[in-house]
Amino acid sequence: MHGKLYYIYMKILSYILSPIFAVVFFLLLIIFHPLQWIGLNVFGYKGHKVVVDVMNWVLVKSLLVLAIRVKVENEYELPLNTTLVFVSNHQGVFDIPPIISSFKKHHPKFVSKIELGKGIPSISYNLRKGGAALIDRKDGKQAMVTLVDFAKNINKNKWSAVIFPEGTRSRNCKSKSFAPSGLKIITKYNKEGYVVPLTINNSWKVFKYGKFPFGIGSPITITTHEPIKINTLPFKELLEKTETIIKEHIK
């Protein structure tokens, strides 16, 4: 009985807090959209990056409206001046701001579906202008060319890639099988870099009721695992090791 009452209480509270969060989150995207434009067009890449870093830090903190804290656990000294390939399970849209904010000195750039490149204030602009790879999953040739250009670009600039090999977000804590193609292309052109496995937990709970209301009170954790030098393993072993490490830590 107590469990049922608690569930009802939390559901009512989520209906109260969700509209507030939605307004706050959307206003932040509206505010930072012109700031990104100014940062890029007046101060170049560095100016744009500063705005994006601040925006994502603020977006992470906005989750406190839903009583959600975000913790990124990292006990490793990640290499600098080389390409890192962050590989992670994918539970929801709120996986992304903590990764950008926490690993900002590594210049993380995302592999994303092309549909996200338009229509979303701030987010679409950053994907188009910030160095992301926008993949058309219905066009294999476009996806291949885009990924090759992306892999070469992050290698040239010593930026880092973020890829979710599941291809789409999971609706619960169960991870889907990892697709090899995107990671294979990125590692092919960045053999001197490192794969950094990340495990995300509880992000899916923000949408445990569906699109509305938002789930509240479940802390999101992102765990960083030991970097793996890309050229020390054949790709198949690298993929299997990375997938195993990530999935072993999903709770």
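## Secondary structure

Helices, of at least four residues, and strands, of at least two, are taken here as DSSP runs and numbered from the N terminus. On that basis, this predicted model contains six helices and eight strands. Their order along the sequence is α-β-β-α-β-α-β-α-β-α-β-β-β-α.

## Overall dimensions and packing

The radius of gyration of the protein is 18 Å, close to the 18 Å given by the globule rule for 251 residues, so the protein is as compact as a globular protein of that length. The C-alpha trace spans about 55 × 45 × 40 Å along its principal axes.

Of the 251 residues, 48% are buried. Among contacts with a separation of 6 or more, 76% are between residues 24 or more positions apart.

## Surface composition and nonpolar patch

The protein exposes about 13100 Å², and carbon and sulfur atoms supply 60% of that area.

A nonpolar patch on the surface is formed by Val-23, Leu-27, Ile-31, Leu-35, Trp-37, Ile-38, Val-42 and Phe-43. Together, these residues have about 780 Å² of accessible area.

## Trp-37 within the patch

One member of the patch, Trp-37, lies in helix H1, which covers residues 2-62. The relative accessible area of Trp-37 is 47%. Because partly exposed residues fall between the 20% limit for buried and the 50% limit for exposed, Trp-37 is classed as partly exposed. The value also lies over the 30% relative accessible area required of patch residues.

Conventions:
Residues are numbered from 1 along each chain as its sequence is written. This is a predicted model: local features need pLDDT of at least 70, side-chain atom pairs count only at pLDDT 80 or more; totals for chains, interfaces and linings use all residues. Side-chain values use heavy atoms; hydrogens and water are left out. Patches are made of residues with over 30% relative accessible area and no salt bridge: like charges are joined within 9 Å, nonpolar side chains (Val, Leu, Ile, Met, Phe, Trp, Tyr) within 5 Å. Accessible areas come from the Shrake-Rupley method with a 1.4 Å probe; for residues, only the protein chains shown count as cover. A salt bridge is a side-chain nitrogen of Lys or Arg within 4 Å of a carboxyl oxygen of Asp or Glu. Buried means under 20% relative accessible area, exposed over 50%, partly exposed in between (1.4 Å probe, protein chains only). The radius of gyration is taken over C-alpha atoms; the globule rule is 2.2 Å times the number of residues to the power 0.38. Contact means heavy atoms within 4.5 Å.
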